[in-house]
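Visitor: I have a structure open here and a few questions about it. Could you walk me through it?

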Amino acid sequence: MTNFKGFIVRNYDSKVEGQVEKLSTDDLSAGNVLIKVEYSSLNYKDMLAFQKNGGVIRNYPLIPGIDLAGIVISSEDANFKEGEWILGAGYGLGVSHSGGLAEIARVPGEWLTKVPENMTTREAMIYGTAGLTAGLSIKALLEAGMKPEDHVLVTGSTGGVGSIATKILAKLGYENLAALVRKPGQAKIAQSLGATEVIDASSIRSGKPLQHQTFDYVLDTVGGDVAAALLSMVKI
Ligand SMILES: NC(=O)c1ccc[n+]([C@@H]2O[C@H](COP(=O)([O-])OP(=O)(O)OC[C@H]3O[C@@H](n4cnc5c(N)ncnc54)[C@H](OP(=O)(O)O)[C@@H]3O)[C@@H](O)[C@H]2O)c1
């Protein structure tokens with residue numbers, strides 16, 4: 001049994017409270033890879049996890065943290081060796097399974113992946129779950145046929161997922177890259193991320209089944225009426 005420090009959330013009758021405590025491997029959920037955690041990003045979902053009826057954690061006590069990156073201490077999974085840099089995001093991490101906000105984590109190997117060779121654990125968690133989501137969204141669009149010459153719109157382009165998606169697309173050479181924003185000041189931010197065109201959300205009208213077909217692809221992080229309106233603006 002190893003002792004370490006970690007942030008643990010406990011449920012009391014009237015409130016949920018979290019604090020850094022001295023913990024042991026007995027406090028960790030089951031898994032076949034033991035990890036020395038170096039970094040975890042802080043996500044909106046983590047904020048919900050710290051709240052009574054936040055809807056994220058259902059069984060207390062639990063170590064939150066929906067992602068983590070660190071070094072393998074020991075592994076019963078043949079894909080991972082002691083000393084390797086790994087990262088994990090999503091699945092049950094910090095929700096139904098002890099997460100990344102502790103010095104040590106224990107996780108099923110199938111939830112983990114190796115940190116790419118040109119990246120550190122710190123960089124992996126700077127991108128965090130939002131970055132992974134942006135990357136997976138772009139991967140899906142590329143697999144659907146998206147090309148750098150296409151007219152692509154990113155909604156919520158200054159938010160967590162949208163900002164990284166905009167930056168990745170700019171880096172991939174997308175020069176017809178539109179950003180949907182809704183507040184003063186966001187246009188400049190979107191342009192600094194690589195957007196070549198900024199569209200104010202108030203100009204997008206919902207309720208019309210057919211509108212001018214404007215975009216080849218839309219990476220939507222907003223949903224609701226915005227997504228509904230944009231559906232009829234995608235070229236088919
Ligand atoms: N972050 C993650 O790790 C993650 C992972 C998986 C899925 N998701 C999902 O991805 C979506 C975006 O998450 P996020 O973390 O990027 O959120 P976020 O940081 O709050 O960003 C949302 C962006 O959308 C904009 N926005 C919201 N409502 C809008 C509207 N009606 N019209 C125009 N713009 C609007 C916001 O603008 P303002 O700044 O003006 O509010 C903000 O720029 C959510 O549905 C989330 O559940 C997120």
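Visitor: How far is a polar side-chain atom of lysine 183 from an oxygen atom of the ligand?
Guide: Bearing in mind that this is a predicted model, the distance from a polar side-chain atom of lysine 183 to a ligand oxygen atom is 2.9 Å.

Visitor: And how much of the ligand does the protein bury?
Guide: The ligand taken alone exposes 890 Å², and the protein buries 58% of that area.

Visitor: OK, which residues come nearest to the ligand?
Guide: There are 16 residues around the ligand, and those that come nearest are Asn43, Gly160, Val161, Arg182 and Lys183. For arginine 182, a polar side-chain atom lies 2.8 Å from an oxygen atom of the ligand, while for threonine 158 the corresponding distance to a ligand oxygen is 3.4 Å.

Visitor: Which helix gives the most to that shell?
Guide: Helix 2 does, with 3 residues, and both helix 2 (121-143) and helix 3 (160-171) supply at least two residues each. By class, the shell holds 5 nonpolar, 9 polar and 2 charged residues.

Visitor: Changing topic: how many aromatic pairs are there in the whole structure?
Guide: A search of the whole structure finds 2. One of them is the stacked pair of tyrosine 91 and tryptophan 111, with 5.5 Å centre to centre and 5 degrees between the planes.

Visitor: Where do those two sit in the chain?
Guide: They are 20 residues apart, with tyrosine 91 in the loop between strand 5 (85-89) and strand 6 (104-107), and tryptophan 111 in the loop between strand 6 and strand 7 (112-114).

Visitor: Is tryptophan 111 buried or exposed?
Guide: Tryptophan 111 has a relative accessible area of 17%, so it counts as buried, whereas tyrosine 91, at 56%, is exposed.

Notes
Residues numbered from 1 in each chain as written. Predicted model: local features only at pLDDT ≥ 70, side-chain atom pairs only at ≥ 80, totals over all residues. Heavy atoms only, no water. Near = heavy atom within 4 Å. Polar contact = N/O pair within 3.5 Å; in protein donor to acceptor, adjacent residues only side chain to side chain. Areas by Shrake-Rupley, 256 points an atom, 1.4 Å probe, with all protein chains shown as cover. Helix = DSSP H or I, 4+ residues; strand = E, 2+ residues; numbered from the N terminus. Nonpolar A, V, L, I, M, F, W, Y, C, P; charged D, E, K, R; others polar. Phe/Tyr/Trp six-rings, centres within 6.5 Å; stacked < 30°, edge-to-face > 60°. Buried < 20%, exposed > 50% of the residue type's maximum accessible area, 1.4 Å probe, protein only.
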